[in-house]
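Hi there,

Here is the structure I promised to pass on to you. Have a look at it first, and then read on for what turned up.

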Amino acid sequence: MPIPPLSTETDVPPLLTMTEAVHGGIDSDFSSFPIYQGTNNSGAYSRDHNPTVAAAEVRLAALEGAEAAIAVASGMAAVSVALLTLLEAGMRLIYHQTAYDGTLGLAEDLCRFGIVPVARDLRDLDGLCRELADGRPTVIHFEPLANPFLDVVDTHAVVEAAHVAGARVVVDNTLLTPCLFRPLAVGADLVVHSATKYLMGHGNGLAGVVCGPASLIRRAAHTRKHYGPVLAPAHAALLLQGIKTLPLRVARHGENAQRVAEALRTVPGVARVYYPGLPDDPGHALAARRWAGFGGMVGFATRDPDVTQRVRLLKPWFSLGEPESLIAPYTRPLSGGLLYYRLSIGLEDPEDLIADLRHALA
Ligand SMILES: Cc1ncc(COP(=O)(O)O)c(C=O)c1O
C-alpha cells in the first residue's frame, strides 16, 4: 500500500541529503575512519580532543545543518549537557509533560540545583504563552515527536513564543532525525539526539550529540569536559559508519511504520493506534505540514497484558531505531484500564511484522 502523499502546504526546511550523510563535513582518505583510542593523541588528552570523536562531530554538525556539534556518551548525556549549559540556579525549565522518561527524571532532579521544573502540554500554545508572560528566565525542552505517546509539538510555534519571551529552546530530535526535520533551521537554540537510536542505527552502542551555534557549543564542550561524559572513540567510529545509511534507513522505517499502523487499525482488540501518519491522528495535519515524513514509531492501546510474550519476530527490547522491530509495554495503564505498547518499527518486510502482530494480538 503506498504512503499517503504529504500535504501540499508543507513548510519543511531543507533536509539531510544522501550526499551529506555520506560525505558531510569530512573530506577523508579513509573509507572507514581510524579509531584513535589512545588517551593522548598528538599532544591532546582524549577528554579534551580525540581525532575520531572530532571527525564524528564534524559529520554530526553537517547532519543537523549546525555550525558545530559535540558528541557525548549517550542521549541522556546530550540532554543533560545541553540543559546544564543553558540553565542557572533560579531559572525555569519548561518541558513537555510526556517527554521521554529519562528527561522527566532529569528535570525533577534539577530541582536540587535551584532550577524550577514545569511540566506543560506544549501542544497548548496559549498555555505556554501564559506561562512565559511573567518574564522569568526560561529554557524550554521538548521532542517534536515525543516518546512514547508520539505527541506532535509545533517547533516553529514554540520557538517563536520562546524567543518573544527571551527564552531558549532545546529540541530533542531523536525520533524524527534530520532526514525528516531540522529544528535549527526554524530557530531552535540547541538540538540534541540520542545517537544510540537512528543515527548509529544498528543497536551497537550508546552515543549522544548536541548541535548548535559555535558560541553555545563551545560552552557545551566546557560542560562536557567538567562533567566528563565523553564518547568512546570506538563508538564515534560506529556512529560515522551508521550515519552513512541514515536517509535510506529512515525512509524504510517510515514506510514500514505506515503499513503497520494502518494494519493495526483493523486488528480486533486494538482500541487505538498512535501514529502521526494516520489521517485521523490528532497530530497528523501539523506533522504533514512541518515534516517530510512521520517516522518509524507506532503506539497502540489494548486491554491485552501479554502481547510482548506472544510476539515471535518483534523483540521485547527497550530501545528504538534499530534494524529489528521492537515492542515495549508502557508501565502505567492509560485511562479506562487500557495498556499502551510502543513499537519501534524496523527494516524487515512489513507483511512479516503485520503477521507477527496479528498473531500476538489474536
Ligand atoms: C527522545 C529520547 N531522548 C533521549 C534518550 C536517551 O538516550 P540514551 O538511552 O542514548 O541515553 C532516549 C532514549 O530512549 C529518547 O528516546
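Let's begin with V298, which touches A257, V260, A261, V273, Y274, Y275, L343 and I345, leaving aside residues up to four places away in sequence. Please keep in mind that this is a predicted model.

V298 also belongs to the largest nonpolar core, which has 113 residues. Along with A71, A82 and V210, V298 is among the residues with the most contacts inside that core. Which helix gives the largest share of this core? That is helix α3, residues 75–86, with 8 residues. The core lies between domain 1 (18–243) and domain 2 (247–361), because both of them give residues to it.

Helix α3 turns up again at the ligand: α3 gives the most to the shell around the ligand, namely 3 residues. There are 15 residues around the ligand, and those that come nearest are S74, G75, M76, S194 and T196. By type, the shell divides into 8 polar, 5 nonpolar and 2 charged residues.

Finally, take a look at H359, which you will find in helix α12, residues 350–361. Is H359 buried or exposed? H359 has 12 C-beta neighbours inside 10 Å, so this residue counts as exposed.

Enjoy exploring, and write back with any questions!

Best wishes

Terms used
Residues numbered from 1 in each chain as written. Predicted model: local features only at pLDDT ≥ 70, side-chain atom pairs only at ≥ 80, totals over all residues. Core = buried A, V, L, I, M, F, W, Y, C linked by C-beta atoms within 7 Å. Buried ≥ 20, exposed ≤ 12 C-beta atoms within 10 Å, placed from the backbone. Helix = DSSP H or I, 4+ residues; strand = E, 2+ residues; numbered from the N terminus. Domains from an automatic or database assignment. Contact = placed C-beta atoms within 7 Å. Near = placed C-beta within 6 Å. Nonpolar A, V, L, I, M, F, W, Y, C, P; charged D, E, K, R; others polar.
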